[in-house]
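Subject: Structure handover

Hello,

Here is the structure I promised to pass on. My notes on what turned up follow below.

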Amino acid sequence: DDSEKNIKQWYQRRVRVLYCYEVQVVDEMRSKGVGKFMMQILELIGSTASMKKMMVTVFKHNSRSIHFFKDVLKYTDDETSPRYCDPLEESEYCYEIMSKPLKSRRKDDCGNVKAPAAPKCCQKC
């Protein structure tokens, strides 16, 4: 199974991700911000749980969904997508995997959101 192969790759690299396999919004609620709101909540959950990135599966034939994730939410093609993992057999896959890095929103002991640590090159000695 392809999804098992991808999950094994994530575990091998030990990258903490939040993966959304499917989002469905009924026709009459589309373009009203419902999908964007749901994805923002998932991204907030992932950030709070110190996940490194949010990942989604998008069907190649769904141009509206591709536009939504790439142009509205700023997701990019993930390195685990079939186009990168199995480029010789890419045409056999009906989906792409996209991702977006998440900023950590860890809390201190008092419940306050901690600012991300500065890179070592920028920290004072």
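A nonpolar core, as used here, is a set of buried Ala, Val, Leu, Ile, Met, Phe, Trp, Tyr and Cys residues joined through side-chain atoms within 4.5 Å. Buried means under 20% relative accessible area. Please keep in mind that this is a predicted model.

The core

The largest nonpolar core holds 12 residues. They are Cys20, Met39, Met51, Met54, Val56, Val58, Phe68, Phe69, Leu73, Tyr75, Met98 and Leu102. Two or more of these residues come from strand 2 (53-59), and likewise from helix 3 (63-72). Strand 2 makes the biggest contribution, with 3 residues. A separate core of 6 residues lies apart from this one; its members include Val17, Tyr19, Met55 and Tyr95.

Helix 3

Which residues of helix 3 are buried? They are Ser65, Phe68 and Phe69. Viewed down the helix axis, the buried residues of helix 3 fall within an arc of 85 degrees, so they line one face. The buried residues of helix 3 pack against helix 2 (34-48), strand 2 and strand 4 (95-101). After helix 3 comes Lys74, with a positive phi near 65 degrees.

The strands

Strand 4 is mostly covered, with 6 of its 7 residues buried. It pairs with strand 2 in the antiparallel sense, over 7 bridges. Within that pairing, Met98 of strand 4 is the bridge partner of Val56. Both Val56 and Met98 belong to the 12-residue core. Strand 4 also runs antiparallel to strand 3 (residues 76-77), joined by 2 bridges. There, Thr76 stands opposite Ser99 of strand 4.

The cysteines

Is Cys20 buried or exposed? Its relative accessibility is 10%, and the cut-off for buried is under 20%, so Cys20 counts as buried. Cys20 is also a member of the largest nonpolar core. Leaving aside neighbours within four places in sequence, Cys20 is in contact with Met39, Leu42, Met54, Met55, Val56 and Thr57. Cys85 has a relative accessible area of 31%, so Cys85 is partly exposed. How many disulfides does a search of the whole structure find? The count is 0.

Best wishes

How values were computed
Residues are numbered from 1 along each chain as its sequence is written. This is a predicted model: local features need pLDDT of at least 70, side-chain atom pairs count only at pLDDT 80 or more; totals for chains, interfaces and linings use all residues. Side-chain values use heavy atoms; hydrogens and water are left out. Buried means under 20% relative accessible area, exposed over 50%, partly exposed in between (1.4 Å probe, protein chains only). Helices (H or I, at least four residues) and strands (E, at least two) are DSSP runs, numbered from the N terminus. Contact means heavy atoms within 4.5 Å. The arc is that of the directions from the helix axis to the C-beta atoms. Two strands pair if DSSP finds at least two bridges between them. A disulfide is a pair of cysteine sulfur atoms within 2.5 Å.
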